[in-house]
Each structure stands twice: as C-alpha cells, then as structure tokens.
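Biologist: I have a model open and want to learn how to read it. Can we go through it feature by feature?

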Amino acid sequence: MLELNHGHIVTVASSLGLFSTAGVEDYCASKFGAVGFHESLSHELKAAEKDGIKTTLVCPYLVDTGMFRGCRIRKEIEPFLPPLKPDYCVKQAMRAILTDQPMICTPRLMYMVTFMKSILPFEAVVCMYRFLGADKCMYPFIAQRKQATNNNEAKNGI
C-alpha cells in the first residue's frame, strides 16, 4: 500500500470504543485501543503524504449478533435505539468505505453521544447515561452469563 500509495484500511471497533459503560471494561478497553490505533495510523499516513491510502473507522452501536444478548437500555428508550441488524451495519460500513468516509457511527445518534461526551463534564455524562439506561445496560447480560455458568456448573457437578 505504501509503495503504491493506494488502498483502504478499515478498522471495525464499536461505539464502546468512543464512550464506555460499566461491566465490560475489558471490551471497552480493547475497542478504545482499536480506535486509538486507527487514529494514530491515519495521522501517520497523512504525515507521510500517502493521500491515496484511505481509512475508515466503523463504530456501530449494539449489533444483534448474540454476543451481548441481554444488554438492555431503559425500556422507554429501547424502541428508538434497538439493537442493529448485522446486514444493516454491513451496508452502512460498505457505504462509508465506498465513499471514503473517515468514520461511520451507526446509528447517527452515536455521533451526538460522542460529541456530548467531549463537551460535557463527566458528571453530566453520567446523568445522560443514567437517563438512557446506558450506565447499567450490561448488567442484565452479565447476570445471564453468571446464571448460565452456574447452571453448567450444577449440571457438571462442580
């Protein structure tokens, strides 16, 4: 890519690489790392004047793959922010790549959350998370995982 000054680098992260929540610190840290690596690489390409190599950062909200089954935001908000269908995320990412968009947040509301996080004091962000139910959204997922683990241990006599 560097020799030809041509190509496209896509980093698939998550909205949890732009802002975090409780209960999945390890996941958030890995996604923050992916976002940071992507930004650094993008700056490196710009500094090297490799304008033929494009980059796109993909940051979807919760995707309905089953990975975080049980994750729940506030029930009144859920109809406006349901888990995303995988094919929808792929279409959005492909559109962003084909139009050389440097970043895609899906749904677009994620841009607003990221912007609010950058201008509001931390305690105001905490209030926003609490209002949305995002502060403890992973707790039902974690409880389901613990229950499944306990059931498996009981079945296996552990």
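Modeller: We will go from the overall fold to single residues.

Modeller: Keep in mind that this is a predicted model.

Biologist: Start with the fold. How many helices and strands does the protein chain have?

Modeller: The chain has 5 helices and 3 strands. Read from the N terminus, the order is β-α-β-α-β-α-α-α.

Biologist: What are the dimensions of the box that the C-alpha atoms fill?

Modeller: Along the principal axes, the box is roughly 60 × 40 × 25 Å.

Biologist: How do I read burial for the whole chain, and what percentage counts as buried?

Modeller: Buried means under 20% relative accessible area. By that cut-off, 36% of the 158 residues are buried. The accessible surface of the chain is about 10,100 Å². Carbon and sulfur atoms hold 61% of that surface.

Biologist: And contacts along the sequence? What share comes from residues 24 or more positions apart?

Modeller: Take the contacts with a separation of 6 or more. Residues 24 or more positions apart account for 64% of them.

Biologist: How far apart are the mean positions of the positive and negative charges?

Modeller: They are 8 Å apart. The chain has 18 positive and 15 negative charges.

Biologist: Now the core. What is the general idea, and which residues have the most contacts inside the largest nonpolar core?

Modeller: In soluble globular proteins, nonpolar side chains tend to be buried together. Here the largest nonpolar core has 29 residues. Val 24, Cys 59, Tyr 61, Phe 68 and Met 138 have the most contacts inside it. Four elements each supply at least two residues of this core: α1 (25–47), β2 (53–60), α3 (109–119) and α4 (122–132).

Biologist: Let me click on Phe 68. Which residues does Phe 68 touch?

Modeller: Leave out residues up to four places away in sequence. Phe 68 then touches Val 24, Tyr 27, Leu 62, Met 138 and Phe 141. Two of these names, Val 24 and Met 138, were also in the list of residues with the most core contacts.

Biologist: Where is Ile 73 placed, in terms of elements?

Modeller: Ile 73 is in the loop between β2 and α2 (86–98). Ile 73 counts as buried because its relative accessibility is 12%.

Biologist: Which residues is Ile 73 in contact with?

Modeller: Beyond its neighbours within four places in sequence, Ile 73 contacts Tyr 61, Glu 78, Leu 81, Leu 132, Gly 133 and Cys 137. For a distance along the chain, take Ile 73 and Ala 124. They are 51 residues apart in sequence, and their C-alpha atoms are 18 Å apart in space.

Biologist: Next, polar contacts. Which side chain makes a polar contact with the side chain of Thr 55?

Modeller: The partner is the side chain of Ser 42, at 3.0 Å. Thr 55 is in strand β2, and Ser 42 is in helix α1.

Biologist: Are these two buried or exposed?

Modeller: Thr 55 is buried because its relative accessible area is 15%. Ser 42 is buried because its value is 14%. Around Thr 55, again without residues up to four places away, the residues touched are His 8, Ile 9, His 38, Ser 42, Leu 45, Gln 101 and Pro 102.

Biologist: Now Glu 25. Is Glu 25 buried or exposed?

Modeller: Glu 25 counts as exposed because its relative accessibility is 53%. Glu 25 lies in helix α1. Its side chain reaches the backbone nitrogen of Gly 23 at 3.2 Å.

Biologist: Last topic: backbone angles. What should I expect in general?

Modeller: Most residues other than glycine have a negative phi, and most peptide bonds are trans.

Biologist: Which peptide bond is cis here?

Modeller: The bond from Thr 106 to Pro 107 is cis, with omega near -10 degrees. Pro 107 lies in the loop between β3 (103–106) and α3.

Biologist: What about phi of Asn 5 and of Asp 100?

Modeller: Asn 5 has a positive phi of about 50 degrees. Asn 5 sits in the segment before β1 (7–12). Asn 5 counts as partly exposed because its relative accessibility is 25%. Phi of Asp 100 is also positive, near 55 degrees. Asp 100 is in the loop between α2 and β3, and is partly exposed at 41% relative accessible area.

Conventions: Residues are numbered from 1 along each chain as its sequence is written. This is a predicted model: local features need pLDDT of at least 70, side-chain atom pairs count only at pLDDT 80 or more; totals for chains, interfaces and linings use all residues. Side-chain values use heavy atoms; hydrogens and water are left out. A nonpolar core is a set of buried Ala, Val, Leu, Ile, Met, Phe, Trp, Tyr and Cys residues joined through side-chain atoms within 4.5 Å. Buried means under 20% relative accessible area, exposed over 50%, partly exposed in between (1.4 Å probe, protein chains only). Contact means heavy atoms within 4.5 Å. A polar contact is a pair of N or O atoms within 3.5 Å; within protein, one must be able to donate a hydrogen and the other to accept it, and residues adjacent in sequence count only if both atoms are side-chain atoms. Accessible areas come from the Shrake-Rupley method with a 1.4 Å probe; for residues, only the protein chains shown count as cover. Lys and Arg count as positive and Asp and Glu as negative; His and the chain ends are not counted. The place of a charge is taken as NZ of Lys, CZ of Arg, CG of Asp or CD of Glu.
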